[in-house]
Amino acid sequence: MTARMKDIALELGLSVVTVSKALRAHPDIGEATRRRVLERVAELGYQPNLMARSLVTGQTWTVGLIVPDLLHPFFAGIAKAISNDIRAHGYGLLISSSDEEPDAERQQIRNLLARQVDVIVLASTQTTMDGLREIERRGTPHILLDRRFAGAEAHFVGNDDEAVGALATAHLIAQGCRRIAHLRGPEVSTAAGRLSGYRQALAQHGLAAAPDLVMDLGPSGDHRGEEAGYAATRRLLALSPRPDGLFCYNDPSALGAMRAVLEAGLRIPDDIAVVGCGNLSYADFLRIPLSSIDQGAEAIGRRVAQLATSLAGSKNATPPPQVDLMPPRLVARASTIRFPKE
């Protein structure tokens, strides 16, 4: 006979409401009571009827996440942190990728809305707010992740991308670079912010921001970034004089850039210093360890999870939009360090 929540409640001398809250890790329930419930649930092999729960609560207990690239380590790290944290509150994560295609993103938004997810988390590849407006019309709580729209009244969790660009560029300047190039990302807020920070740092140090030193990666800044970084850097190396420092939009494009530099018979960092953004987990194990800006993917994911569960539990209320910016951190490695600390 299949165990029911009512049976567990009777056996433990608790109300059905208390058992339900314990299964959802509700803060009203003490740790001892929650452990009793979870132990009995495990013994009986109880599985909650999610459809019935949805009918009662008006929630599907799901969070939808749309990212531009499922394989990108930055977004994978965020997704892992979100999934781990919302699971403790009884929620599941539905993940989809736009592959940096606005039409695909709009389709994924419609799919998640049709599934009636409780919250949508969106790292948008769009240059307009059309997809965001569709979510707003449906009244679904939502969070913008990593990328935002100017003037949008929405929750946002990410980085101060101007600070990212300024930090990376200032580091190259400190290493003696004077002709610094930038591989610019796609037409989204992260790329615009990092370009602005790059230019600000150059201006603060009296260096020129020559237009020919900014190479556009095109729409593949996150998706197929290595290929775009390789091709863009080959174009930079054809300049005379060539750059002596390179700030890349992200780590995948930096990997492609380093390949192009080494194939040209040049030395990293002696001839060209290279810094990326994202701090890939394997950056320290590359042939030439890559300097990078750590964006705090885990911290971003955990903050998104906290905000998503809060929004999902307060559908009848509309909390004011919050902007959470995680501070970037430079991780200097062999790809830039010309002057080791004494």
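Predicted model: local features only at pLDDT ≥ 70, side-chain atom pairs only at ≥ 80, totals over all residues.
Q: Which loop holds N279, and what is its phi?
A: N279 lies in the loop between strand 9 and strand 10 (291–294). N279 is not a glycine, yet its phi is positive, about 55°.

Q: How do you know whether N279 is buried or exposed?
A: The relative accessibility of N279 is 16%. Buried means under 20%, so N279 counts as buried.

Q: What makes T233 count as buried or exposed?
A: T233 has 1% relative accessibility. T233 belongs to helix 10.

Q: What does T233 contact, leaving aside its neighbours within four places in sequence?
A: T233 is in contact with L183, L246, A257, A260 and V261.

Q: How many residues does the largest nonpolar core have, and which have the most contacts inside it?
A: The largest nonpolar core has 42 residues, and L183, L246 and V274 have the most contacts inside it. Elements giving two or more residues to this core include helix 8 (161–174), strand 6 (180–184), helix 10 (225–237) and strand 9 (273–277). Apart from this core lies another, of 27 residues, with W61, I78, V121 and M326 among them.

Q: What does V274 touch, not counting residues up to four places away in sequence?
A: V274 touches L246, C248, A254, M258, L290, S291, S335 and T336.

Q: How do the axes of helix 1 and helix 3 cross, and why does that make the pair oblique?
A: The axes of helix 1 (residues 5–12) and helix 3 (residues 31–44) come within 11 Å and cross at roughly 125°. Roughly perpendicular covers 65 to 115 degrees and roughly antiparallel begins over 145, so helix 1 is oblique to helix 3. The crossing of helix 1 and helix 3 is right-handed. Residues I8, E11 and L12 in helix 1 meet R36, V37, R40, V41 and L44 in helix 3.

Q: Which residues does a cis peptide bond join, with omega about 0°?
A: This cis peptide bond joins S240 and P241. P241 is in the loop between helix 10 and strand 8.

Terms used. Residues numbered from 1 in each chain as written. Heavy atoms only, no water. Core = buried A, V, L, I, M, F, W, Y, C linked by side-chain atoms within 4.5 Å. Buried < 20%, exposed > 50% of the residue type's maximum accessible area, 1.4 Å probe, protein only. Helix = DSSP H or I, 4+ residues; strand = E, 2+ residues; numbered from the N terminus. Contact = heavy atoms within 4.5 Å. Axes fitted to C-alpha atoms, helices over the stretch in contact; angles between N-to-C directions. Parallel < 35°, antiparallel > 145°, perpendicular 65-115°, else oblique. Left-handed = near helix turned anticlockwise from the far one by under 90°.
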